[in-house]
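The entries follow in the order I made them.

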Amino acid sequence: MADLSSLSSAELAHRIAILRDNIRQITAQATSQSGAADEERNAERLFRHNDELEVLLKEQERRLSK
């Protein structure tokens with residue numbers, strides 16, 4: 001993860017929006033796919049995106065609480 005302090009608030013919000021959309025798309029893809037390999041790949045992608053989203057949301061909350 002890059003240094004989040006270098007992101008403007010607008011850039012941070014944009015990255016959050018992109019991650020949320022990615023998570024929505026992965027979830028939609030997962031419902032249309034079947035097979036263990038697909039499920040494992042989608043689960044890993046969801047885990048990575050959710051992890052990054054959590055970090056960005058914490059940073060956004062930290063900035064808002066200042």
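Before counting contacts I wrote down the term: a contact means heavy atoms within 4.5 Å. Among contacts in the protein chain between residues at least 6 apart in sequence, I found that 70% join residues at least 24 apart.

I noted the ground rules next. This is a predicted model, where local features need pLDDT of at least 70, side-chain atom pairs count only at pLDDT 80 or more, and totals for chains, interfaces and linings use all residues. Residues are numbered from 1 along each chain as its sequence is written, and side-chain values use heavy atoms, with hydrogens and water left out.

**Entry: overall fold**

I looked up the secondary structure of the protein chain and got two helices and zero strands. Helices (H or I, at least four residues) and strands (E, at least two) are DSSP runs, numbered from the N terminus.

I then checked the dimensions. The C-alpha atoms of the protein chain fill a box of roughly 45 × 15 × 15 Å, taken along the principal axes. The radius of gyration of the protein chain is 14 Å, while a compact globule of 66 residues would have one near 11 Å. That radius is taken over C-alpha atoms, and the globule rule is 2.2 Å times the number of residues to the power 0.38.

**Entry: helix 1**

Does the length of helix 1 agree or disagree with its residue count? Helix 1 covers residues 9–32, and its 24 residues should span 34 Å at 1.5 Å a residue; the end C-alpha atoms are 35 Å apart, which agrees. The expected span of a helix is 1.5 Å times one less than its number of residues.

Which residues of helix 1 are buried? I listed Leu12, Ile16, Leu19, Ile23 and Ile26. Buried means under 20% relative accessible area, exposed over 50%, and partly exposed in between (1.4 Å probe, protein chains only). An α-helix has 3.6 residues a turn, so residues three or four places apart point the same way. The cover over the buried residues of helix 1 includes helix 2 (36–64).

Thr27 is also in helix 1. I recorded Thr27 as partly exposed because its relative accessible area is 39%. Its C-alpha atom is separated by 8.0 Å from that of Leu46, 19 residues apart along the chain.

**Entry: helix 2**

I repeated the length check for helix 2. Its 29 residues should span 42 Å at 1.5 Å a residue, and the end C-alpha atoms are 41 Å apart, which agrees.

In helix 2 I found Asn42, His49, Leu53, Leu56, Glu59 and Arg63 buried. These buried residues of helix 2 pack against helix 1.

I looked at Glu52, which is in helix 2. Glu52 is partly exposed because its relative accessible area is 24%.

**Entry: outside the helices**

Ser8 lies in the segment before helix 1. Its relative accessible area is 33%, so I put Ser8 down as partly exposed. From Ser8 to Asp38, 30 residues apart along the chain, the C-alpha atoms are separated by 36 Å.

Is Ser34 buried or exposed? Ser34, in the loop between helix 1 and helix 2, is exposed, with a relative accessible area of 60%. The C-alpha atoms of Ser34 and Lys66, 32 residues apart along the chain, are separated by 46 Å.

**Entry: burial overall**

Last, I noted that 20% of the 66 residues of the protein chain count as buried.
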